[in-house]
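User: I have a structure open and would like to go through it with you. Could we begin with the charged side chains?
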There are 2 protein chains.
Amino acid sequence: MNDGDEYFMKQALKEALKALDSDEVPIGAIVVMNEKIIARGYNQVETLNDSTAHAEIIALTAAFNFLGSKYLPEATLYVTIEPCTMCFGALYWSKIGKVVFGASDPKHGGLSLHASSKNLLHPKTEIVKDILAEECALLMKDFFRKRR
Amino acid sequence: MNDGDEYFMKQALKEALKALDSDEVPIGAIVVMNEKIIARGYNQVETLNDSTAHAEIIALTAAFNFLGSKYLPEATLYVTIEPCTMCFGALYWSKIGKVVFGASDPKHGGLSLHASSKNLLHPKTEIVKDILAEECALLMKDFFRKRR
């Protein structure tokens, strides 16, 4: 972890707040390259009526479009919650350089579910976790508590 | 397996041929509900410069849009090759009723890679494999042989 990771996770948290404003499960993501944010995304499953419209997928698609490239080896994705199996699969195909997430997700997180699998991550992808984990998890807890 | 599965797999193969025509890895998918095709997709990774633009993802998004629903419990996805981890993740979120695939993919197939994982499939999703597997695999083999 470094200060840069905290800074950028705060930006991902801002995206998560946009999801919250739309009554979506509050998860946000950004893609960073050369210390600059090149793409953003927040969970839009309800808004788009698409159960796969996760923050990471939206941010990745935006990054591919921005760069005109289908691979992101020099980029880092920051996301507030551990990516699910689908999103780890998408990150695998993107060959992204680094994935930084906030809070772990024991129920749906790809690493949590497939801990024994060597095939979930691209071999060149570095993983950093527990960046601002409490803030990231708190947003989720508040959201689900209010819905009950 | 039943005749309907073969019929619909042939329609997925037609989608795979569209991918081949665009110099894409030839994989095609369709989504069927009440014996009718409601969505189609073929691999467009190169065309869209998006490494996640797999046939299944495109067909699922089209199905969500067509139905105005983020879940597909009454639908079946037919795809020529075993879905990858990402696509199985997307199928999980869609709560799709049934997935039928042609040829297995030992290198990238979600079931092949995560055979020991109970969490890859939605508990309500039925899997059928080996439908027109030879035809589906042959398209792939021809494609990769010609590229070498």
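User: Which residues are linked with A:E15 in a network of salt bridges?
Analyst: In this predicted model, A:E15 belongs to a salt-bridge network together with A:K18 and A:R40.

User: How many salt bridges are there over all chains?
Analyst: The search of the whole structure gives ten. Two salt bridges are counted between chain B and chain A.

User: Which residue does B:K70 form a salt bridge with?
Analyst: The partner of B:K70 is A:E46, and their closest N and O atoms are 3.0 Å apart. This pair crosses between chains: B:K70 is in the loop between α2 and β3 of chain B, and A:E46 is in the loop between β2 and α2 of chain A.

User: Are those two buried or exposed?
Analyst: B:K70 has a relative accessible area of 14%, so it is buried. A:E46, at 40%, counts as partly exposed.

User: And what does A:K70 pair with?
Analyst: A:K70 forms a salt bridge with B:E46, again with a closest N to O distance of 3.0 Å. A:K70 lies in the loop between α2 and β3 of chain A, while B:E46 lies in the loop between β2 and α2 of chain B, so this pair joins two chains. A:K70 is buried at 14% relative accessibility, and B:E46 is partly exposed at 39%.

User: What about B:K98, which residue does it meet in a salt bridge?
Analyst: B:K98 meets B:D5, at 3.6 Å from N to O. The two belong to distant parts of the chain, 93 residues apart, with B:K98 in strand β4 and B:D5 in helix α1 of chain B. B:K98 is buried at 16% relative accessibility, and B:D5 is buried at 2%.

User: How many residues are in contact, and what area is buried between the chains?
Analyst: On each side, 27 residues of one chain are in contact with 27 of the other. The buried area is about 2,400 Å², and carbon and sulfur atoms give 61% of it. In chain B, the residues losing the most area to chain A are B:N49, B:K70 and B:W93, which together account for 27% of what that side buries.

User: Is α3 of chain B mostly covered or uncovered?
Analyst: α3(B) is mostly covered, with eight of its ten residues buried. Among them are B:M86, B:F88 and B:L91.

User: What do those buried residues pack against?
Analyst: They pack against α3 of chain A, together with α2, β3, β4, α4 and β5 of chain B. Just after α3(B), B:K95 takes a positive phi of about 55 degrees.

User: Last topic: is B:T80 buried or exposed, and what about B:A115?
Analyst: B:T80, which is in strand β3 of chain B, is buried with a relative accessible area of 1%. B:A115 lies in the loop between α4 and β5 of chain B and is exposed, at 64%.

Note on methods:
Residues are numbered from 1 along each chain as its sequence is written. Chains are lettered from A and ligands numbered from 1 in the order in which they are written. This is a predicted model: local features need pLDDT of at least 70, side-chain atom pairs count only at pLDDT 80 or more; totals for chains, interfaces and linings use all residues. Side-chain values use heavy atoms; hydrogens and water are left out. Contact means heavy atoms within 4.5 Å. Buried area is the accessible area (1.4 Å probe) that two parts lose on being put together, summed over both. A salt bridge is a side-chain nitrogen of Lys or Arg within 4 Å of a carboxyl oxygen of Asp or Glu. Helices (H or I, at least four residues) and strands (E, at least two) are DSSP runs, numbered from the N terminus. Buried means under 20% relative accessible area, exposed over 50%, partly exposed in between (1.4 Å probe, protein chains only).
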